[in-house]
Amino acid sequence: MLRSSERRITVVLADDQRAIIDALTRLFAEQPDIELIGAGRNAEEALRLCVEHEPDVAVLDVRMPQGGGAVAAIEMRSRGLKTRVVALSAFDDKATRDHMMAAGAVSYVLKDRPVGELLEAIRQAAGRRSPGEDVAG
Amino acid sequence: MQNVAEAEPPEGGMHPVTEMLLDDVERVNPTPERGIIGFMEPSGEASPQKVAGERIRVGIVDDHAMVAEGLGVLLREQRDLEIVGIAATVAEAIELVERRRPHVLLLDYRLPDGDGATAATEILRRWPSTKVVMLSAAGGDELLARSIEAGCSGFLPKDRNGHEVVSAVRAAYRGESLIPTSVLVGLLDRLRRAPQGKAGDLTQREFEVLRLLAKGMSTAGISSLLFLSEHTVRNHVRNILAKLGAHSKLEAVAVAARDGIISLEDRT
């Protein structure tokens, strides 16, 4: 179980599709160990939120107006942020995946996959286990 | 209820997400009022599957599983709604309707094996009592026009939010057509640019009924205002649709506005 002393994983989300932000906002809110602290619609907003809050994890859409997740990820790294980037993508092609990973993403999750995969990627990026895993606690 | 409200705000203010969603709460009305054009279906026999107190059976079709799951969370929070199935393709959508018979189908326009309008046309041909609400990530007047022509009850564009989706599901179930005014204005612009259609020759009475439809009045409301039976009003509506070559009351109003038969500004 999640120890009460262990703070929740802080997450910033960026996606230009309102439907994705709405969906993930609701799905994150159901997780006891994840706290969404901000959501943006483009790379610039994602960067601003990450600089301001330095979340544990940034979930970044690979394609957004004014620069996709890679732009934000590279900029975050150059500013020395410790935030780990999880790429979120509608595109299952090697070039996009390689581009995101080269920009510093620690994992690449597809939008047509169940949300459990994204949650797992977030927990792994933050070095945490799933809330249900440590039942002995 | 927005789950995000449970998130603890940082010192000195709300989270950006919370602000965004609270903004939605203030902007969106749960019932069709100003800004939304609404048409009531004739009460009673027009919706044979409608039973007082039953939950609205909803199917979700979206190839992005995350979006579908998120919609599922939202809709499950509503005590009057029940999710009966989630599909990711046109083929799965048709199977979902066949096997689960939802009252309302939320249908994403862009699907891997076809588009939403084609799916809606097929579904409504085989199960005409189904209400289809089109969800479009890409917006666009063409998509809206095709959705209306396919017989969809509602159309939610790119920037929809949760409250609009819930409102649209309930409205569709009640037999209303909900399309945001901003979307309708775009459609009218498109229709104005299109070649003029055959407006037909409406009788004075049909013209009156059409004008009241454009104001969003129900069949019952029109019948009491014009001292006609609801049956007679429905006959007038049927004639209006035939003369204007429209498939729905909404399309009839759009065509009539395009052809200058009525003015949508006249919605007092």
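Which residue of S5(A) stands opposite A:Leu88? In the predicted model described here, local features need pLDDT of at least 70 and side-chain atom pairs count only at pLDDT 80 or more, whereas totals for chains, interfaces and linings use all residues. Residues are numbered from 1 along each chain as its sequence is written, and chains are lettered from A and ligands numbered from 1 in the order in which they are written.

The residue opposite A:Leu88 is A:Val109 in S5(A). Strand S4 (residues 84–89) of chain A runs parallel to strand S5 (residues 105–110) of chain A, and five bridges join the two; helices (H or I, at least four residues) and strands (E, at least two) are DSSP runs numbered from the N terminus, and two strands pair if DSSP finds at least two bridges between them. Between S4(A) and S5(A) the chain passes through helix H4 (residues 94–102) of chain A, in a β-α-β crossover that is right-handed, a term used if, with the strands pointing away from the viewer, the path from the first strand over the helix to the second runs clockwise.

Chain A as a whole has five helices and five strands, which follow the pattern β-α-β-α-β-α-β-α-β-α along the sequence. Of its 137 residues, 47% count as buried, where a residue is buried if 20 or more other C-beta atoms lie within 10 Å of its own, exposed if 12 or fewer, and partly exposed in between, with C-beta atoms placed from the backbone. Among contacts in chain A between residues at least 6 apart in sequence, 64% join residues at least 24 apart; two residues are in contact if their C-beta atoms, placed from the backbone, lie within 7 Å.

Within helix H2 (residues 43–53) of chain A lies A:Cys50, which counts as buried because it has 26 C-beta neighbours inside 10 Å. Leaving aside neighbours within four places in sequence, A:Cys50 is in contact with A:Val12, A:Pro55, A:Ala58, A:Met76, A:Leu81 and A:Thr83. In helix H5 (residues 115–125) of chain A, the buried residues include A:Val115, A:Leu118, A:Leu119 and A:Ile122, and also A:Arg123. Just after H5(A), A:Gly127 takes a positive phi of about 70°.

In chain B, five strands form an open sheet in the order S3-S2-S4-S7-S8, with parallel pairing. Strand S3 (81–87) and strand S8 (154–156) of chain B are the edge strands, each pairing on one side only. Neighbouring strands of this sheet are turned by 20° against each other on average, direction ignored; axes are lines fitted to C-alpha atoms, for helices over the stretch in contact, and angles run from 0 to 180 degrees between N-to-C directions. Helix H2 (residues 65–76) of chain B packs on the sheet, where it touches S2, S3 and S4 of chain B, and its direction makes about 170° with that of S3(B). Helix H6 (residues 162–173) of chain B also packs on the sheet, touching S2, S3, S4, S7 and S8 of chain B, and its direction makes about 175° with that of S8(B).

Strand S4 (residues 104–108) of chain B is largely enclosed by the rest of the structure, because five of its five residues are buried. B:Val104, B:Leu106 and B:Asp108 point one way from S4(B), while B:Leu105 and B:Leu107 point the other way. In a regular strand the side chains alternate between the two faces of the sheet. Four bridges join S4(B) to strand S2 (residues 56–61) of chain B, with the two running parallel, and five bridges pair S4(B) in the parallel sense with strand S7 (residues 131–135) of chain B. B:Val58 stands opposite B:Val104 in S4(B) and opposite B:Ile83 in S3(B), while B:Leu105 stands opposite B:Val132 in S7(B).

The largest nonpolar core has 116 residues, of which A:Val11, A:Ile122, B:Leu106, B:Leu107, B:Val133 and B:Val169 touch the most other members. Domain 1 (37–189) and domain 2 (197–258) of chain B both give residues to this core, so it lies between them; the domain bounds come from an automatic or database domain assignment. A nonpolar core is a set of buried Ala, Val, Leu, Ile, Met, Phe, Trp, Tyr and Cys residues joined through C-beta atoms within 7 Å. Apart from neighbours within four places in sequence, B:Val169 is in contact with residues including B:Ile56, B:Val58, B:Val104 and B:Leu106.
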